Every structure is written in C-alpha cells, then in structure tokens.
Amino acid sequence: MAVSVGAARAQPTPTTEPFWSAARDGRLDIQRCDSCATVVFYPRVSCVGCGARELTWVTASGRATLSSFVIVHLPAPGFEDAVPYVLAIVRLVEGPSMMTNIVGVEPRPENLRVDMELEVRFEQRAGRVLPVFAPAGGVR
C-alpha cells in the first residue's frame, strides 16, 4: 500500500481548500495567473511568475512525466505497514512539478524510469483524497 506521509498532517486552509475539494471530486485543480498565465502548484496566494494576486483555479489534464523518484523502505512513524512505496516528483504537462506517489506498478527500480508518462488517480489516504500517479495506459 502506498502512502503519502504528508496526507496525515495536511489541514486545508482558505488557500488550499479548492485543491482538496477538487480532489474529493476526482479532479486535479491547479492555479493559473490571470495576469501572466503562469500555471502554479502548490496552491498560493500570489503568482510565482509576476506576483499578481489574481489566480484562477483550473482543472489540469492529469497527465505528467516522472522527473525523479525514490523507493521508500524505511517508513515514517505510523506508516510501518506501507513500505515499500514510491515517492516521486512529477512534472504536469501544464508545467509545474508536484510531489506525489506512484501507484499501479511494483515499487522496483526496473519498473520506473525518468520521463515515463503518467496519469493521475485519486486514492483515499489518512482521511483525505489525494492525487497519485500511475503509468499511463494502465497497470504495468
């Protein structure tokens, strides 16, 4: 079972609630700046490109590529039964990167490769629905 350790501690704020609400509905929502069109992730109050405070929530395609990964064998306290799992940085096709878990593939180095195509899935974890990613086209 894969797990996102941060899920147990994540508490929605007014800035992040739209992200969590969309995830509960099976959508990966991210922000786009109304001034310069920069796509932003993680949720923020201002644009990382120009500093404008006018950000609009948009639904991402759910497609990404794997940028980096580690297979976790030594769990954080409380997650001893979850190992091994894949902790990864993925780059959304819209531009920003996000930390997530890779699911739908056995957590072995030979099953993962940088630049592999991924697609979003949603899983219930620690009382919250989280976006995770799986190899595009199904389980491998």
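Six bridges join strand E5 (85-92) to strand E6 (97-102), and the two strands run antiparallel; helices (H or I, at least four residues) and strands (E, at least two) are DSSP runs, numbered from the N terminus, and two strands count as paired if DSSP finds at least two bridges between them. E5 and E6 form a hairpin with four residues between them, and in the turn Gly95 has a positive phi of about 125°. Within this pairing, Arg91 stands opposite Ser97 in E6. This is a predicted model, in which local features need pLDDT of at least 70 and side-chain atom pairs count only at pLDDT 80 or more, while totals for chains, interfaces and linings use all residues. Residues are numbered from 1 along each chain as its sequence is written, and side-chain values use heavy atoms, with hydrogens and water left out.

Strands of a sheet pair through backbone hydrogen bonds, either parallel or antiparallel. E5 is also joined to E4 by eight bridges, again in the antiparallel sense; here Thr65 has Arg91 in E5 as its bridge partner, and Phe69 stands opposite Ala88 in E5. E4 in turn pairs with E7 over three antiparallel bridges, with Arg63 standing opposite Glu119 in E7.

Three strands form an open sheet in the order E2-E1-E3, with antiparallel pairing. E2 and E3 stand at the edges, each with a single partner strand, so one side of each is left without a neighbour in the sheet. Strand E1 (residues 29-33) is joined to E2 by two bridges, and Gln31 stands opposite Val40 in E2.

From the strands we can turn to the side chains packed inside. A nonpolar core is a set of buried Ala, Val, Leu, Ile, Met, Phe, Trp, Tyr and Cys residues joined through side-chain atoms within 4.5 Å, where buried means under 20% relative accessible area, exposed over 50%, and partly exposed in between (1.4 Å probe, protein chains only). The largest such core has 23 residues, and those with the most contacts inside it are Leu28, Leu66, Val90, Ile102, Leu112 and Phe133. The elements that give two or more residues to this core are helix H1 (17-24) and the strands E4 (63-72), E5 (85-92), E6 (97-102), E7 (117-125) and E8 (128-135). E5 gives the most to this core, with four residues. Apart from this core lies another, of five residues, among them Cys33, Val40, Cys47 and Ala52. Leu28 itself, leaving aside residues up to four places away in sequence, touches several residues, including Phe19, Val58, Leu92, Met98, Val120 and Phe133, a contact being heavy atoms within 4.5 Å.

Phe19 also belongs to an aromatic cluster, which it forms with Trp20 and Phe41. Rings of Phe, Tyr and Trp (its six-membered ring) pair if their centres lie within 6.5 Å, and planes under 30 degrees apart count as stacked, over 60 as edge-to-face and the rest as tilted. By this rule there are two aromatic pairs. Phe19 and Trp20 form an edge-to-face pair, 5.1 Å centre to centre with 75° between the planes. The rings of Phe19 and Phe41 have their centres 5.5 Å apart and their planes at 55°, so this pair is tilted. Phe19 lies in helix H1 and Phe41 in the loop between strand E2 (39-40) and strand E3 (55-59), so the pair ties together parts that are 22 residues apart in sequence. Phe19 counts as buried at 6% relative accessibility, Trp20 counts as buried at 11%, and Phe41 counts as buried at 17%.

Arg44 lies over the face of Tyr42, at 3.9 Å from the ring centre.

Side chains of opposite charge can pair when their charged atoms come close. The structure holds six salt bridges, a salt bridge being a side-chain nitrogen of Lys or Arg within 4 Å of a carboxyl oxygen of Asp or Glu. Asp25, Arg27 and Asp29 are linked in a network of salt bridges: Arg27 meets Asp25 at 3.5 Å, N to O, and Asp29 at 3.0 Å between the closest N and O atoms.

Technical notes
A charge sits over a ring if NZ of Lys or CZ of Arg is within 6 Å of the ring centre and within 35 degrees of the ring normal.
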